[in-house]
Amino acid sequence: MNSIYNYTKEDLENYFKEIGESKFRAGQVFDWLYIKRVESFDEMTNLKKDLIKYLNQNFSMERLKLVKKQSDVDVNKYLFELYDGNKIEAVLMRHDYGNSLCVSSQVGCNMGCRFCESGRLKKLRNLSAFELVLQILAVEEDINERVSHVVLMGIGEPFDNYDNVMKFINIINDPKGINIGIRHITVSTCGIVPKIREFTKEKTGVNLAISLHAPTNDIRNKIMPINKAYKIEDIINSVKEYIKVTNRRVTFEYILLKDVNDTEECAKKLVSLLKGLNCYVNLIPYNETSHIEYKTSLKVTINKFYDILKESNINVTIRREFGSKVSAACGQLRSEQTLLKGKIK
Ligand code: SAH
């Protein structure tokens, strides 16, 4: 599938040059795709007939198929079908500051985090950049409003699909296209250290979030198999480097799992781990799912954990829960339809 939505403006410029056209065509095509939002090359009326014919022969403009949409207060969950029949989900959250879309980056996920529903389906494949772009277009067209923020926190591990994710970011950040501000884009990773280092070097300005979820390797090993490959110290070192090079603040996500990582001792260990780092901790009350035995921490425990961090001057918030009624909350994304096709642990 050679989707036109898989091309950055620069890719298109090079492409047009190669076929003996002016690179100026790239801007025109971008305008039709992302500003005027036409759905066929035939509508690109400022292009010559032969070029339209050529584009029709060489590229696809196929969109995602919306299979199902579920809504709750301030949240829509979308189930999309890809061209090969696989299905993915995206979640729109309406905040006071704008519309934030949580996109999926893979069909399934190989990271195997024990608490995560999305990870029960092994990775079937990476999404291409265009399949990420099309999630945004589909949602914008559904709500008839702009998506202002994008978080790569849906199904999949974005740093296990690095090149496509970076290309996607390039496409949606283009001021002549969807124009989502670089600081309004957040990539979340379970801690693939070599990719954190690569990402640091690129100095994109994209926000980085790390799914930490434990203050010690002992605990982290039990809940996140990836920790056997990249230890907490390695993550922290790569994050320090990131902060030094980019001068940006990093977000640490920390799910509170009852009696696993929510004790006062854990909070204190987390403080000593993060003390002095330019970071922000997002405490996530665990969203229980029917297939996984972990439990949500008690409210008093969550508040105590929060207080310990706060009193030690760590920037911390407790994440507001979104969409748990429609199973659209963190870690709840999956689709029965998808699961039929994959292997379930
Ligand atoms: N693979 C990336 C992107 C997924 S982000 C990553 O790990 O960062 C999804 C976030 O939701 C992660 O922080 C993940 O750990 C968290 N999460 C997973 N299951 C959850 C659950 N049941 N309740 C709350 N948060 C969950």
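Buried means under 20% relative accessible area, exposed over 50%, and partly exposed in between (1.4 Å probe, protein chains only). This is a predicted model: local features need pLDDT of at least 70, side-chain atom pairs count only at pLDDT 80 or more, and totals for chains, interfaces and linings use all residues. Residues are numbered from 1 along each chain as its sequence is written, and side-chain values use heavy atoms, with hydrogens and water left out.

**View 1. Asn313 and Arg37 have positive phi.** Asn313 is exposed, with a relative accessible area of 66%. Its phi is near 65 degrees, positive in a residue other than glycine. Asn313 lies in the loop between helix H10 (299–311) and strand S12 (315–318). Helices (H or I, at least four residues) and strands (E, at least two) are DSSP runs, numbered from the N terminus. Arg37, also not a glycine, has phi near 60 degrees. The loop between helix H2 (24–35) and helix H3 (49–58) holds Arg37.

**View 2. The largest nonpolar core has 107 residues.** Such a core is a set of buried Ala, Val, Leu, Ile, Met, Phe, Trp, Tyr and Cys residues joined through side-chain atoms within 4.5 Å. Tyr5, Phe115, Phe168, Ile169, Phe252 and Leu274 touch the most other members. Helix H4 (residues 129–143) gives the largest share of this core, nine residues. Not counting residues up to four places away in sequence, Leu274 touches Leu212, Ile236, Phe252, Cys279, Val281 and Ile314. Contact here means heavy atoms within 4.5 Å.

**View 3. The cysteines form zero disulfides.** A disulfide is a pair of cysteine sulfur atoms within 2.5 Å. For Cys113, the closest cysteine sulfur is in Cys190, 5.5 Å away, too far for a bond. Cys113 is buried at 15% relative accessibility. Cys279 is buried too, at 2%. Its sulfur is 17 Å from the closest cysteine sulfur, in Cys266, also too far for a bond.

**View 4. Tyr78 and Phe80 form a stacked ring pair.** The whole structure contains 14 aromatic pairs. Rings of Phe, Tyr and Trp (its six-membered ring) pair if their centres lie within 6.5 Å; planes under 30 degrees apart count as stacked, over 60 as edge-to-face and the rest as tilted. The centres of Tyr78 and Phe80 are 5.8 Å apart and their planes are at 0 degrees, so the pair is stacked. Both residues are buried. Elsewhere, ring pairs link Tyr7, Tyr15, Phe16, Phe41 and Phe59 into a cluster.
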